[in-house]
Amino acid sequence: MSSPSPAPRPAAAADGPGTAPAVAHGAQETPAEPRKEALHHAIARTLDELPEPSLRLLAAMAVVNQETPLPILAVIAHVADPSAALDDLIEAGFVTWLPRSLAQPVGINSESLRAVVYWNLPTSLRRAMHLASAEQVSGVHGHQHALLGARRRDPELAARLEDEATRYHKAGDTERAGTLLLWSADVSVDRDERERRLLVAALWGQEMPTAGWAAALGERLALLEASVARNLFLGQLAAREARYEAAHALFDQAREIVRDRPFVERATVELAAATLHADTGHLDAEERIALSLLAQDGLPEEFREWSVWFAADAYGRIHRSVEASLRRLELLAPELGAPEADRPGHGILRWARGMWLAHSGRPSQALGDLQWVLRSHDGPAGPVLPLSYGLLGYALFQLGDWQAALREAHEGMRVAGARNDRRYGIPAASLAAGISALRGDWQEAAEQVDSVTDDQRTVGQARYGVFPAVAAATLAQARGEPGRVLAVLAPVAAQPGLFALEQLLWRPLYIEALIDTGRLATARTALASLRTAIAADAPPTAVMARLEARILTAEGDPAAAAELLAGAAEQSADEDSPFSLAQLEHDYGRLLLGSRRRRPAIRWLLSAHGRYVDLGARPFAERCLRQLKEAGAHIPGAGTAGGEEGAETAARSAVELTQQEYRIAQLAAQGLTNQQIARALFVSAKTIEYHLGNVFTKLGIASRRQLRAELDALTGHHIE
C-alpha cells in the first residue's frame, strides 16, 4: 500500500443530497441525450393538446428534475388545482404517481420527455421556474436552481454560494463544497474575486484530486497565471492522468514561485514533488527531497512524518527490500520504539511501520500499529485511514481470519466512498476480490476485479496498480490458469522498483505461474529477488520453501523437494499463514503420493484439506479431496468448503467427530504434544486439551496410545 499525497485530513461527509447535481460549474444545462426528431415531434403534438395548468405542472417537473411532492410543484408552477392538472398528465402517460396522498412525490416518466419539455420552454419561463424551485428545494440542488435562474453575473448569489461552499467544506464534504465554489466563481462579477475563489477551490482539490469537479476546475485554472495553489492542483491532475512531464513542469514552476517565501510554503511544494517522484519511481529524487527537508529546522511535525515516510519508502525501493524501509524508519524515527510512541502524533509513522510489517510477512506485529492508527484518530494520519483498514484486512487474511479480513476491507471501501475518493479504497477492494476468488466465487470475484481495475485506471496512483493486478492473478490462480496469471502480472513484473515493497503480494503468484508454464530459469531469478524482500535472518517461510520445492520438482529432483517440504512442514514459522501452510502440505502430500508413499501422503493431504475447509478455500479443498480419493483414502462425510453439506465439509469419523476434533486427534496420534498442536492450528493449548477430552469420550478411550488404532479403524488407513 502506498501513500496518499500529504494533505490535511478531510472530515466526515455532511448530510445533503444523495448525489452531486447533474449541472456543474454554472454553465447552462445541456440536453441529457441527442434530440430525436420523430420523438420530439410526437411529444410536442401531445403537449399542444394539454390544458395550460397541466402544461405548467409538467414544465415544473422538467425544471426540478427529481421526484417532488405535488404541493411543492404546484407552488413552482403557479397552479391552483394541481390534482386536476395531474390527472391529465397521468392519462397522457407522462407522469408516475402513487396517489396515497397529495404529498407523494411525482416525476416525469423518462429523460427523453423531460429534455423535450425543458428545451421547449421559453427562456424567461424556464428561468422563472428555476428561481421558484430555488425557493422550494433545499441543499445544493436549490443553489443550482438559483444559478440557472440568474439572468447575469450576480455578486450576491456568488457570495451566498461561497458561504454555502465553505460550510460544506468545514463539514468535510469536499465534493459538494467544490461544486458550489466553482458556481460561485462562474457568477462572480469581479475578476479578482473569481480568481480567488478558483484558487481556494484548487486548495480544496489538493485534498481530493479525484473530485467530480476536478477536470472543470483544471480548465479554468489553466487560464490563470502561475501560482502555488494553481500549479499544485494542476500538477496533481496531470499526474492522475499520467501526464507526468506536465506534472513535473508545473511543480518546478511552483518551486520557482516559492523560492524566497517562508519555509513552510517551500516544504509544501517539495512534498508534492516527492509524492510525484514516489509515484513515478524516481527514487533518488524522492529520497533527496525527503532528507533535505529533514535536515531543516522548523519543519512542522506532520511534514516531518511525511518526510520520514518518503525517505524510508525510497530507501527500501532502491534496495528492493521491505526490511530496508523498516531499518531506515527505525533510524529516522527512533521515538517509535519508545513508550511515547503511543501518544498522538505518530499516526503516519505507525501506519508506515504497520504497512511494511504486513508486507514483509509479519502480520501479528503489524496488527498493533494498524489498530492503533484506526483507534487513535490521529489528525495527520486521516488520509491513510482507508488504507489502514485495507492493510489490517490483509494482516488478518495472512493470519487465516478471512471473514474478519473481509469486514476490514469493506470498512476501508466504505470510508473511501464516504470521502468520495475511490483511490484509497483500491487496496481494500482488491483484497475483497482476492478472497472471493480463493473461495471460488468466480462471478463475484470477476466483477470485483473489473471494478477495482477500472478504479485504478481512472483515479488510482501508478503505485496502486499492483493491487488490482494481484486480485486478478489470484482469481486466475484459483481457476488454474497460470498463463493468465503471468499476463495480468506482466506490467508489475516489468517495473520491479515501483512495486519492490509489495513483493510478497505478487511475486509468489508470479513465480508459481512461471514454474507451471515451464520457465524455470526466470522463476529462479524471481525467487532470488523475493528473498531480498524478507529479513536476512528470517527462517524459510512456507511460501519460500514451497516455491523452491516446486522448482526442484520441475527440474527433476522430487526427492530434494520432498526433503525441503518435510522440514518446512514440521518447523513452520509463527507468521506462516494457514493458507500457505495448506498449500505446502498439499504439495508435500502430492509428492509423497507420486513416490508411492501412500500413507504419509494421505496424512498431509488430510491436513491440507482441513485447513482449506476451515478457510473456505473451496477450489483448493476440492482439488485436495480429489487427490485423497485417488489415493484410496476413506473419508467419511467429506465435502468441500462452503458446499451444501454445511458442517460436514472435512474429513471426519463415523462416530461424528467434528472437523476440529478430527484434526486434533490426527495430530495427537502422530505424537505431537498439546503445545505443538496448538501452534500448528493457531489456538491455545487449553483449547487442544478440551477437544482431546471430547475425542476420548466419543471414541471410548482413555489415552493417546489407544488413539492411533481407533483412527486407523475409522479412516481405513494407518496413521504414521
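Reader: Which residue stands opposite Pro69 in β3?

Author: Strands of a sheet pair through backbone hydrogen bonds, either parallel or antiparallel. In this model, which is predicted, Pro69 stands opposite Pro105 in β3. Local features need pLDDT of at least 70, side-chain atom pairs count only at pLDDT 80 or more, and totals for chains, interfaces and linings use all residues. Residues are numbered from 1 along each chain as its sequence is written, and side-chain values use heavy atoms, with hydrogens and water left out.

Reader: How many bridges join strand β1 to β3, and how many join β2 to β3?

Author: Two strands pair if DSSP finds at least two bridges between them. Helices (H or I, at least four residues) and strands (E, at least two) are DSSP runs, numbered from the N terminus. Strand β1 (residues 68-69) is joined to β3 by 2 bridges, and β2 is joined to β3 by 3 bridges. Both pairings are antiparallel. Across from β3, Thr96 stands opposite Gly107, and Trp97 stands opposite Val106.

Reader: In what order do the strands form the sheet?

Author: The order is β1-β3-β2, an open sheet of 3 strands with antiparallel pairing. The edge strands are β1 and β2, each of which pairs on one side only. Over the whole chain there are 36 helices and 3 strands.

Reader: Which residues of helix α4 are buried, and where do they lie around the axis?

Author: An α-helix has 3.6 residues a turn, so residues three or four places apart point the same way. In α4 (residues 82-91), the residues Pro82, Ala85, Leu86 and Leu89 are buried, where buried means under 20% relative accessible area (1.4 Å probe, protein chains only). They lie on the same side of α4, because they cover an arc of only 100° around the axis; the arc is that of the directions from the helix axis to the C-beta atoms. Their cover includes α2 (52-64), α3 (70-77), β2 (95-97) and β3 (105-108), judged by contact, meaning heavy atoms within 4.5 Å. Just after α4, Gly93 takes a positive phi of about 80°.

Reader: Where is Arg328 found, and which residues does Arg328 touch?

Author: Arg328 is found in helix α17 (residues 322-332) and counts as buried because its relative accessibility is 13%. With residues up to four places away in sequence not counted, Arg328 touches Glu287, Leu291, Ala311, Ala312 and Tyr315.

Reader: What aromatic pair do Phe579 and Phe620 form?

Author: A pair of aromatic rings is described by the distance of the centres and the angle of the planes. Rings of Phe, Tyr and Trp (its six-membered ring) pair if their centres lie within 6.5 Å; planes under 30 degrees apart count as stacked, over 60 as edge-to-face and the rest as tilted. By this rule the count comes to 16 aromatic pairs. Phe579 and Phe620 form an edge-to-face pair, with 5.1 Å centre to centre and 85° between the planes. Phe579 lies in helix α30 (residues 578-594) and Phe620 in helix α32 (residues 618-630), so the pair ties together parts 41 residues apart in sequence. Phe579 and Phe620 are buried. Ring pairs also link Tyr394, Phe397, Trp402, Phe579, Tyr612 and Phe620 into a cluster.

Reader: Which charged end sits over the ring of Phe620?

Author: A charge sits over a ring if NZ of Lys or CZ of Arg is within 6 Å of the ring centre and within 35 degrees of the ring normal. The charged end of Arg623 sits over the ring of Phe620, 5.1 Å from its centre. For Trp442, the charged end over the ring is that of Arg479, 5.4 Å from its centre.

How values were computed:
Buried < 20%, exposed > 50% of the residue type's maximum accessible area, 1.4 Å probe, protein only.
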